Amino acid sequence: MSIRTILALVIVVLLTVVIMQNTDEVKFTLLFSTVYMSKVGVLTAVAVGGFILGVLVARPKNKKYNIGEHYDELHADEDKNTLSDEDRDYISKD
């Protein structure tokens, strides 16, 4: 097993222990309403929500951005031959 897997298992076990120790019902105020819920439900919802948010934020991006292709697309219709005849003569006098 890798370190990452072991660390994930340890976190899951610790989270399960903490959640199971907090089974009493408490009052939560959500914006303008008061709700009586068990701590187990709230802690589980927060843990699952945090996991989903972490997965969404940490996932790799599929699209690689190539600045050269982007530049070529933007400037495809521009005239690449912008030198004047005088400039061409000066360059070719080697």
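This is a predicted model: local features need pLDDT of at least 70, side-chain atom pairs count only at pLDDT 80 or more; totals for chains, interfaces and linings use all residues.
Me: Is Leu31 buried or exposed, and how many of the residues of S1 are buried?

Reply: Burial is read from the relative accessible area, and a residue counts as exposed when that value is over 50%. Leu31 has a relative accessible area of 77%, and is therefore exposed. S1 itself is hardly covered, since the count of buried residues among its 6 residues is 0.

Me: Stepping back, how many helices and strands does the protein have, and what pattern do they follow along the sequence?

Reply: An overview starts with a count of the elements and then takes their order. The protein has 4 helices and 2 strands, and, read along the sequence, they follow the pattern α-β-β-α-α-α. Of its 94 residues, 2% count as buried.

Me: Where does Ile19 lie, and is Ile19 buried or exposed?

Reply: To place a residue, one names its element first and then its accessibility, where a value under 20% counts as buried. Ile19 lies in helix H1, which covers residues 3-21, and because its relative accessible area is 10%, Ile19 is buried.

Me: Which residues does Ile19 touch, leaving out those up to four places away in sequence?

Reply: Contacts with residues further along the chain show what a residue packs against. Ile19 touches Val40, Leu43 and Thr44, when residues up to four places away in sequence are not counted. A related reading compares separation in sequence with separation in space: Ile19 and Gly41 are 22 residues apart in sequence, and their C-alpha atoms are 8.6 Å apart.

Me: Which residues line the largest pocket, and what is the volume of that pocket?

Reply: A pocket is described by its volume and by the residues that line it. The largest pocket has a volume of about 160 Å³, and it is lined by Ala8, Ile11, Val12, Leu15, Thr16, Ile19, Ala47 and Phe51. H1 and helix H2 (39-58) each supply at least two residues of this lining, and H1 gives the most, with 6 residues. Sorted by class, the lining has 7 nonpolar residues, 1 polar residue and no charged ones.

Me: How many salt bridges does a search of the whole structure find, and which residue does Lys39 pair with?

Reply: For a salt bridge, one notes the partners, the distance between their atoms and their places in the chain. The search finds 2 salt bridges. Lys39 forms one with Asp24, the closest N and O atoms being 3.9 Å apart. This pair links distant parts of the chain, with Lys39 in helix H2 and Asp24 in the loop between H1 and strand S1 (25-30), 15 residues apart. Lys39 counts as partly exposed at 26% relative accessibility, and Asp24, at 40%, is partly exposed as well.

Me: Why are Arg88 and Asp85 separated by about one helical turn?

Reply: The side chains of Arg88 and Asp85 meet in a salt bridge, at 2.9 Å from N to O. They are separated by about one helical turn because they are 3 residues apart in helix H4 (residues 85-91). Arg88 is partly exposed, with a relative accessible area of 31%, whereas Asp85 is exposed, with 57%.

How values were computed: Residues are numbered from 1 along each chain as its sequence is written. Side-chain values use heavy atoms; hydrogens and water are left out. Buried means under 20% relative accessible area, exposed over 50%, partly exposed in between (1.4 Å probe, protein chains only). Contact means heavy atoms within 4.5 Å. On a 1 Å grid over the protein atoms alone, a cavity is a set of points where a 1.4 Å probe fits but cannot get out, and a pocket is an open set with protein on both sides within 12 Å along at least five of seven lines; lining residues have an atom within 4 Å of a point. Grid points are joined across faces, edges and corners, and a volume is the space filled by probe spheres set on the points. Ala, Val, Leu, Ile, Met, Phe, Trp, Tyr, Cys and Pro count as nonpolar, Asp, Glu, Lys and Arg as charged, and the others, Gly among them, as polar. A salt bridge is a side-chain nitrogen of Lys or Arg within 4 Å of a carboxyl oxygen of Asp or Glu.
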